[in-house]
Amino acid sequence: MHRESFVLQWRATSFGTAFKPVDYKEGERSNLVLSEFHHIVDAAFFIYFSMIFYFSGTGNSKWIANQLSKEQKEELVFIPDALKNEALEFSLQAGEKIGFVFPIYSWAPPEIVLNFIRQLSLKGYKRQYLFFVCSCGDDTGLTQQVLAKALKNKGWECHAGFSVTMPNNYVLLPGFDVDNKELEEKKLADAVSTVSKINASISKREELFLCHEGSMPFIKTRIINPLFNRFQMSPKHFYATDACIGCKRCEKSCPVENVTVVDGRPVWGMDCTSCLACYHVCPQHAVQYGKRTKDKGQYFNPNQSTRL
């Protein structure tokens with residue numbers, strides 16, 4: 001379990017916990033009371049923290065979320081863990097900041113992020129500052145509009161949104177591949193100053209949107225993205241070649257635990273987000289997706305471990 005997931009569960013459930021009296025020896029009783037007191041204090045401490053909800057496959061968005069968390073003193077909540085544990089209710093205090101960090105999938109937020117927002121409950125919401133930061137290889141399309149509408153449907157207002165250009169990782173379509181090493185390093189270096197500026201804007205609670213929509217955003221988001229979600233999310237074409245060494249890195253890297261190594265070979269379930277983490281982390285380049293990944297490159301954020 002992630003550390004963020006542990007915090008999440010305390011925030012979501014701690015105040016509903018009741019301690020039943022038990023007959024202990026005197027020494028044990030004092031230790032128990034002290035332990036319970038610390039749990040209550042910890043829960044109260046976490047419940048007042050601001051929070052950043054994030055999703056990441058190959059580490060770009062996780063890196064961004066970490067930079068924001070450090071500067072804003074905000075706790076990280078990993079969206080797949082929240083969905084898995086059904087810990088979807090949070091209490092807000094006045095003055096909190098609420099953030100969403102995610103990668104762009106076919107010029108829109110990933111379906112798992114939109115699904116999470118539909119199920120999320122923010123108790124005590126009173127127009128607290130709400131922002132999003134998305135990572136993209138090139139442009140975002142109409143992501144700002146899509147996310148703002150999803151939030152508005154919950155009665156929440158989005159005050160700010162930003163995009164950060166990061167190395168490409170999508171390789172499943174013709175003409176799509178990872179960046180060359182020089183461009184990858186440039187994007188990573190430029191991202192540092194970009195995120196620093198974003199942190200400054202968030203600290204000031206500025207209400208602005210700096211997302212690089214790119215060309216033909218309507219076509220990309222309103223036409224191509226629905227087709228992507230319908231036809232490009234299937235894991236059925238994933239397989240491992242004979243180069244597979246059974247290291248389980250694909251299993252450990254899957255953010256939704258959709259990959260299981262059985263008898264030394266990976267097996268894919270049907271709960272795939274098409275993040276391609278399993279493909280990019282394979283040290284043998286043994287994970288392939290039909291013929292679409294033949295001779296394609298690999299990328300995983302160098303600042304992140306394989307388990308996000």
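A: Let us begin with the classes of residue: Ala, Val, Leu, Ile, Met, Phe, Trp, Tyr, Cys and Pro count as nonpolar, Asp, Glu, Lys and Arg as charged, and the others, Gly among them, as polar. In this model, which is predicted, the lining of the largest pocket divides into 14 nonpolar, 14 polar and three charged residues.

Q: How many residues line the largest pocket, and which lie nearest its centre?
A: Rolling a probe the size of a water molecule over the atoms shows where empty space is left. Here the largest pocket holds about 630 Å³ of space, and among its 31 lining residues Ile 104, Ser 106, Asn 168, Tyr 170 and Phe 176 lie nearest the centre. The elements α3 (60-72), β6 (129-136) and α8 (217-231) each supply at least two residues of that lining.

Q: Which helix gives the most to the lining of the second largest pocket?
A: That helix is α4, with four residues. The second largest pocket has about 250 Å³ of space and is lined by 17 residues, including Leu 83 and Asp 271, and by class its lining has nine nonpolar, two polar and six charged residues.

Q: How many disulfides does the structure hold?
A: A disulfide needs two cysteine sulfur atoms within 2.5 Å, and the structure holds zero. The sulfur of Cys 272 is too far for a bond because the closest cysteine sulfur, in Cys 278, is 6.7 Å away. Cys 282 is likewise in no disulfide, with the nearest cysteine sulfur, that of Cys 247, 6.0 Å away.

Q: Is Cys 282 buried or exposed?
A: Cys 282 is buried, with a relative accessible area of 11%, and Cys 272 is also buried, at 16%.

How values were computed:
Residues are numbered from 1 along each chain as its sequence is written. This is a predicted model: local features need pLDDT of at least 70, side-chain atom pairs count only at pLDDT 80 or more; totals for chains, interfaces and linings use all residues. Side-chain values use heavy atoms; hydrogens and water are left out. On a 1 Å grid over the protein atoms alone, a cavity is a set of points where a 1.4 Å probe fits but cannot get out, and a pocket is an open set with protein on both sides within 12 Å along at least five of seven lines; lining residues have an atom within 4 Å of a point. Grid points are joined across faces, edges and corners, and a volume is the space filled by probe spheres set on the points. Buried means under 20% relative accessible area, exposed over 50%, partly exposed in between (1.4 Å probe, protein chains only).
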